[in-house]
Amino acid sequence: MIRRFALSVFRRPVRLRSRGLILLALTATLVALLPLFTSGGRASAGPGALPMADPPAPPPAPHHQAAPASAMEPAAPTLPRDGWTATASDHETVRGDHRPLRVLDGDPNTMWHSRWSPTAAALPHSITIDIKETAVLSALVYRPRATGTNGRIGEYAIHLSADGVAWGAAVATGTLADDATVKTLSFAPKGARFIRLTATTEAGGRGPFSSAGEINLLGDPGTAASVVDLPREGWTASATSFETARGAHAPAAALDGDPDTLWHSRWSPTTAPFPHSITIDMKTARPVSALSYEPRRIGINGRIGAYTVTTSLNGTTFSTPVASGSWKDDDTLKGATFTRTVTARYVRLTATSEAGGRGPWSSAGEIRVSGPAAPAAHGVWGKVTGFPLVPVATAVLPNNKMLAWSAYGIDRFGGSNGYTQTAIMDLTTGRVTQRRVDNTGHDMFCPGIAVLKDGRVLVTGGSNAERASIYDPATDAWASTSDMNIARGYQAMTLLSTGDAFVLGGSWSGGSSAKGGEVWSSANGTWRKLSGVPVTTTMTADPRGAYRADNHQWLHATSNGRVLHLGPSKQINWISTSGNGTITAAGRRSDSPDAMNGNAVAYDIGKLLTLGGATAYENVKATRRAYTVDLNGGGTPISSRTGDMAYARAFGNSVVMPDGKVAVFGGQSFPVPFSDATSAMTPEIWDPATGKFTRMASMAVPRNYHSVANLLPDGRIFTGGGGLCGVCATNHPDGAIFTPPYLLNADGSEKTRPVITGGVPARAANGTQLAVTTDADVSSFALVRAGAATHSTDNDQRRVPLTFRQTGAGAYDVTVPADPGVALPGTYFLFALNAEGVPSKARMLTVG
């Protein structure tokens, strides 16, 4: 029996008979009682403008546990605003006192407002805050005006400055939803004194207005961005005190790579008083920009609370603190972002309090020091782009755009409401637009997704568990297709070699019936149950049974309408979709246990990589393991363990790149939905030639449960989302684009790419030979299928290296595989790569 849970963040609506008529009458009365200032048919910017009525919230979510307490507060502290000042490009004084300082007065009923009388100041409008000292900043918290709607910020940009003169590029841009909710606009942590918020549009398009009720700033989240851990070989550590009488707790234990050993300040025979310091000697001077602190694994005494970090070149003279703060009393990984990158040989962490106040003790399981990432080795992150919703699901479209959606709400889910909040990101301009989709009667939260052979996106089940909808990028329109025979949520889907779509599992929603396989027909849009494909043998041994055990399955379509099911259960199965279907056991995934909330990706023809996961959906340790699965040796897939990731991950996302390497982003070492604890902030790239993972530049924002990642047509990678838990701090309505090392020179400039100049039609049948031309010689070609991601799973993406022959200077005959089980029908990126492995920007090609 399915246990039912409710998110604590949802409010239960009042049930009223004829609610629509009551709301209509109430609205009419309010309009009569509260006249608006109007100009050109639009409400004025006056503070008394009538707010738009938000739709009532639906019932609480029936299938999920409450968000953990740690999700209610941001990891980064809210900075005290004492002594801060604010200036603005303009502000209203004639019709009200709406000076910029109103965003700092602690009263949400006052506001800064751009000038609207006697004439309205044109957009853009900006407000600049001077915090009077340099501090690490990581987010701006924007509270819209308390009454009225005019001036809600729509499209925005955030800039930082050390002196209020030099601003540089925006650290964040994006689009905000037109509602009254408080919005956290995140960016990569950085030391700055000045921060500027610029509004370029008004969210509702009501006029050239901008306003803000309150603005707060968040400090160091403890996770530095665009850094890499420095190798610790040969390093030594010393401390002001350490315990030897009751245990071997010398400072070297904080550098040994074993979190079960620890440095601990002396407690016997007498306790050493605060402060306690541990000093790392890196043996050579090098640029450093962050420190990470892993508390002791076993026990709680000595968890560091208040701290400072100082540096030195000679071990004698130490700097003023480059970082300071106070860490929470828990066992999660902590960090300190330096206010500036410094060159140092010695790094000293000084504890001035114990986090729990239990005694005058300090301890550390592991301490690491990070330096700035090198672009050509570790890649580069672009600015954080804000979305008007949490992008829980995404699909890359043939028109160089990306579709994203959440649920009925932009930041929450629950019930079966019959509509979905969606957004489109234009990958050319970076602009994000929002739309609510009502016409399909489908709340598409927690769906199955398949990109169809013509580039349309099929979305099934979820909160409206039996529904199925199709988005057509050619017309930018949504339409319904036939309901599934079996209501589902958290199901897996894949397109078949036949052009039809297969679905399996999905007990999160739609009742407790068995969620066996069924097939959607591309010819008539109807569903056919596969009585010979029960879900039973594809399930994990999750302690909560089918509700969790059949979720997010890894499916790989092959020839003749067949599908390889290769996880997350340890059992592998071959599935036939002909007639009533069949399912046949195909061995185990080597020595892998169940790996729920891990994922799999096809990096070559008949070759897949599986990464991470855990033995249960949540509240167990995740794994660092990765495996290859090879289908090319005959009927039985051959599974082998490859190199481990540096970080254990569940809820992570993996993406195959044009060169056959696989990038993995985000995830947690101890998976908990809606939590940012135990986040893996460092992406890794796996190389099939070596079987090893290499760490990349760290992310600015955690990407865990409800996050996504997609390869883009220019060879870069988008990752975003996480959360969707209503009024909680772990909602991440944003994303960022990662530029992998293969595109970058040592100085961060982009390498010269090959260019595909011609010979790529809009559509090509399997087996077609293309006469492709390029501006320079290339060494390989690859097709990468456009992906659609949700809940760590993207069964659509696959890389297909192509055979070719050179026919002249920059001229090639390139062959599309004849087997639709190899080059599955659908939208592909065609990349050309030079001898250095630098990919071209892709040309879009529909195969089949």
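**A pocket and a pair of cysteines**

Four strands, β6 (155-161), β8 (183-199), β17 (334-351) and β20 (380-386), each give at least two residues to the lining of the second largest pocket. Keep in mind as you look around that this is a predicted model. To find the middle of the second largest pocket, look for Ala 188, Pro 189, Lys 190, Ala 225 and Ser 226, which lie nearest its centre among the 36 lining residues. The space inside the second largest pocket comes to about 730 Å³. What kinds of residues make up its lining? The lining of the second largest pocket has 21 nonpolar residues, ten polar ones and five charged ones. If you wonder how such spaces are found, rolling a probe the size of a water molecule over the atoms shows where empty space is left.

Now let us turn to the cysteines. A disulfide is a covalent bond between the sulfur atoms of two cysteines. How many disulfides does the model have? The count is one, and this disulfide links Cys 725 with Cys 728, with 1.9 Å from S to S. The torsion about that S-S bond is about 80°, so the disulfide is right-handed.

Are these two cysteines buried or exposed? A residue counts as buried when its relative accessible area is under 20%. Cys 725 is buried because its relative accessibility is 0%, and Cys 728 is buried too, at 13%.

Key:
Residues numbered from 1 in each chain as written. Predicted model: local features only at pLDDT ≥ 70, side-chain atom pairs only at ≥ 80, totals over all residues. Heavy atoms only, no water. Disulfide = S-S within 2.5 Å. Buried < 20%, exposed > 50% of the residue type's maximum accessible area, 1.4 Å probe, protein only. 1 Å grid on protein atoms, 1.4 Å probe; cavity = no way out; pocket = protein on both sides within 12 Å on 5 of 7 lines; lining within 4 Å. Points joined across faces, edges and corners; volume = space filled by probe spheres on them. Nonpolar A, V, L, I, M, F, W, Y, C, P; charged D, E, K, R; others polar.
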